[in-house]
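Hi there,

Here is the structure I promised to pass on to you. Have a look at it first, and my notes follow below.

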Amino acid sequence: MLNPGSQKTMAISVVMPALEMAQENGKLLAWRKKEGESVSKGEPLLEIETDKAVVEVEAPGDGILAGITAEVGAVIPVGETIAWLVAPGEKPPAKAETAAPAARATSAAQAAAAAPAQVRMAPVAGTATQISPKARRLAKELGVDIGLIQGTGPDGTITSEDVQTAANAKAGGAPAGSAAMTAATEPLSQLARLMAERTTQSWTSVPHFFLAQSVDAGALIEAQKKLSAGSAAGTAPTITDLLIKVIARVLEKHPRMNASWAGDGIRLNADINISVAMAVKDGVVGAVIPKTNKEPIAALSVLRRELTERARAGRLRPADISGATFTLSNLGMYKVDAFTAIITPPQCAILAVGAIADAVVPVDGKPGIRPMMTMTLSSDHRVVDGARAAEFLGELTGAIREPEKWL
């Protein structure tokens, strides 16, 4: 119930949230409440798709949902007001004339209709081009002349969508010989397209280097079995859970591996927040376990399961994908022996883990069969050098050989 006294308070704006600095817009997938319904602070209010995942956005306060300006399917610039939470009897504020442009629908038909209007045949003389950093990078990758694009963002700013539309229009005018190839191009979802942009940006701008180490996972398996024996059905920690915990504990002793590149220097992060790469439809999302090193293994396992379920159901919350300081990507369940992973900026490292498989290795000076696991550490050379990364990987290897000392 709303407090009648709240009528004296100012209306609360509902805006398209920015989950990170590089985000330009979000796609509205659903309203969880109808206009005119009462909303409580923290209650799921809408569902959006960003460049990272599909997330639920909670109500910023108590009130009655009013003044909705964005429809499902619209792509909305971050920071733009799309609704209000008002007191009973209160009217939502009138939209200012200088507000950002209305949200743009993204259906194929509308995109096709809008394309001719968004691509000009010649640039406007004497006018400085306003373009977002992401759009500029995308234009360079796609070979699009930004001087021929009419921006649809605030104050005519060119967005990455404008660049993509111009690129599509350019491809549509390709010679007849390329028609078959163009027709066979599979359209990407916003998540898939932006994931492609992010990985390309990271790979081309972050100076990666890689270190690999194979480790006997026998003790890790035994620790997992021991912990599972004392767990309730469906709550037993997995090998991934144990790896998350061990990595977080080892990061306590190697704070530089938990640091971030801040553009002009290194930022040491106070908290250790492990991001776990999870496969979802059209891409991969990194779900974050806050203060991972402080979580007991049982609670960590429960939280990781909840994040997995929300990720697969497209119900991640903004907090679930924010604040990561280090990433674990485990493809062992796919029987992959080893692989290298691309860093997610501004993080400085990601650990790629392969399958645990029996291998012939020296055991007490004689050939023996042991369950071996290969780890590959990708690091940002601006933040850590080879020696620091090697020390971290070496200590992590030792911790996996004796996990109970670290769990």
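The protein has nine helices and 18 strands. Please keep in mind that this is a predicted model. Of the 407 residues in the protein, 43% are buried. I also looked at contacts between residues at least 6 apart in sequence: 65% of these join residues at least 24 apart.

Let me begin with helix H6, residues 218–229. H6 and H7 pack at an angle of about 110°, and their axes are 10 Å apart. An angle from 65 to 115 degrees counts as roughly perpendicular, and H6 and H7 are therefore roughly perpendicular to each other. Their crossing is right-handed. On the H6 side, the contact is made by Leu220, Ile221, Ala223, Gln224 and Leu227, and on the H7 side by Ile239, Leu242 and Leu243. Sorted by class, the residues of this contact are seven nonpolar, one polar and no charged.

Next comes helix H8, residues 297–312. The axes of H7 and H8 come within 10 Å and cross at roughly 120°, and the two helices are therefore oblique to each other. The crossing of H7 and H8 is right-handed. Here Asp241, Leu242, Ile244 and Lys245 in H7 meet Ile297, Leu300, Ser301, Arg304 and Arg305 in H8.

The crossing of H7 and H9 is right-handed. From H7, the residues involved are Leu243, Val246, Ile247, Val250 and Leu251; they meet Phe392, Glu395, Leu396, Ala399 and Ile400 in H9. The residues of this contact divide into nine nonpolar, no polar and one charged.

Is Thr240 buried or exposed? Its relative accessibility is 13%, and because the cut-off for buried is under 20%, Thr240 counts as buried. The side chain of Thr240 is joined to that of Asn330 by a polar contact of 2.9 Å. Setting aside neighbours within four places in sequence, Thr240 is in contact with Leu328 and Asn330.

Finally, a note on a loop residue. Pro17 lies in the loop between strand S1 (12–15) and strand S2 (25–31). With a relative accessible area of 18%, Pro17 is buried. Where does Pro17 sit relative to Thr50? The two are 33 residues apart in sequence, and their C-alpha atoms are 9.5 Å apart in space.

Happy to talk any of this through with you.

Best wishes

How values were computed:
Residues numbered from 1 in each chain as written. Predicted model: local features only at pLDDT ≥ 70, side-chain atom pairs only at ≥ 80, totals over all residues. Heavy atoms only, no water. Left-handed = near helix turned anticlockwise from the far one by under 90°. Helix = DSSP H or I, 4+ residues; strand = E, 2+ residues; numbered from the N terminus. Contact = heavy atoms within 4.5 Å. Nonpolar A, V, L, I, M, F, W, Y, C, P; charged D, E, K, R; others polar. Buried < 20%, exposed > 50% of the residue type's maximum accessible area, 1.4 Å probe, protein only. Polar contact = N/O pair within 3.5 Å; in protein donor to acceptor, adjacent residues only side chain to side chain. Axes fitted to C-alpha atoms, helices over the stretch in contact; angles between N-to-C directions. Parallel < 35°, antiparallel > 145°, perpendicular 65-115°, else oblique.
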